[in-house]
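Me: I have a structure open here and would like to talk it through with you. Could we start with the pockets and then move on to the helices?

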Amino acid sequence: KKRKLELMLEQLFTDYFSKYSLVTFREDIPYHEAMQRGRAQDALLMEIAKEADMTGDIDLDYVRHRLAML
């Protein structure tokens, strides 16, 4: 579910980058920073994916908002 959520975010929001994309393709971000950011994103997306198991719905605008707060 987390990966599916990541793919949706990457397709809908051009300013979202998965941990893999941050580390691999964003040369403007130092590796250490990209890994920290990616790990924080992963933790949040895992939390949201778990919550979605209960509700079945994912509000992508809410997810984007939460990601912006990281």
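Me: What classes of residue make up the lining of the largest pocket?

Reply: Bearing in mind that this is a predicted model, the lining of the largest pocket has seven nonpolar residues, one polar residue and three charged residues.

Me: OK, and which residues line the largest pocket?

Reply: The lining consists of Leu9, Phe13, Asp15, Tyr16, Phe17, Arg37, Gln41, Arg64, Leu67, Ala68 and Leu70, and the space in this pocket comes to about 220 Å³.

Me: Which helix gives the most to that lining?

Reply: That is H4, with three residues; helix H3 (31–55) and helix H4 (60–68) each supply at least two residues of the lining.

Me: Staying with H4, which of its residues are buried?

Reply: Leu60, Val63 and Leu67 are the buried residues of H4. Seen down the helix axis, they fall within an arc of 55 degrees, so they line one face of H4.

Me: And what is exposed on the face turned away from the buried side of H4?

Reply: That face carries Asp61 and Ala68, which are exposed; Ala68 is also one of the residues lining the largest pocket.

Me: What caps the N-terminal end of H4?

Reply: The cap is Asp59, which has a side-chain oxygen 3.1 Å from the backbone nitrogen of Asp61.

Me: Switching to the other end of the chain, which residues of H1 are buried?

Reply: In helix H1, which covers residues 2–12, the buried residues are Lys2, Leu5, Glu6 and Leu9. They cover an arc of only 100 degrees around the axis, which puts them on the same side of H1, while Lys4 and Gln11 are exposed on the other side.

Me: Why would residues a few places apart in a helix point the same way?

Reply: An α-helix has 3.6 residues a turn, so residues three or four places apart point the same way.

Me: What about Leu9, at what relative accessibility does it count as buried?

Reply: For Leu9, which lies in helix H1, the value is 0%, so Leu9 counts as buried. Leu9 is also among the residues lining the largest pocket, and its C-alpha atom is 17 Å from that of Lys50, a residue 41 places away in sequence.

Me: New topic: how many aromatic pairs are there?

Reply: The count comes to one aromatic pair, and its members are Tyr20 and Phe25, with 5.8 Å from centre to centre and 80 degrees between the planes, an edge-to-face arrangement.

Me: Are Tyr20 and Phe25 buried or exposed?

Reply: Tyr20 and Phe25 are both exposed. Phe25 has a relative accessible area of 56%, and it counts as exposed because the cut-off is over 50%.

Me: Where does Phe25 sit, and what separates it from Asp15?

Reply: Phe25 has its place in helix H2, which covers residues 19–25. Its C-alpha atom is separated by 13 Å from that of Asp15, ten residues away along the chain, and Asp15 is itself one of the residues lining the largest pocket.

Methods. Residues numbered from 1 in each chain as written. Predicted model: local features only at pLDDT ≥ 70, side-chain atom pairs only at ≥ 80, totals over all residues. Heavy atoms only, no water. 1 Å grid on protein atoms, 1.4 Å probe; cavity = no way out; pocket = protein on both sides within 12 Å on 5 of 7 lines; lining within 4 Å. Points joined across faces, edges and corners; volume = space filled by probe spheres on them. Helix = DSSP H or I, 4+ residues; strand = E, 2+ residues; numbered from the N terminus. Nonpolar A, V, L, I, M, F, W, Y, C, P; charged D, E, K, R; others polar. Buried < 20%, exposed > 50% of the residue type's maximum accessible area, 1.4 Å probe, protein only. Arc of directions from axis to C-beta. Polar contact = N/O pair within 3.5 Å; in protein donor to acceptor, adjacent residues only side chain to side chain. Phe/Tyr/Trp six-rings, centres within 6.5 Å; stacked < 30°, edge-to-face > 60°.
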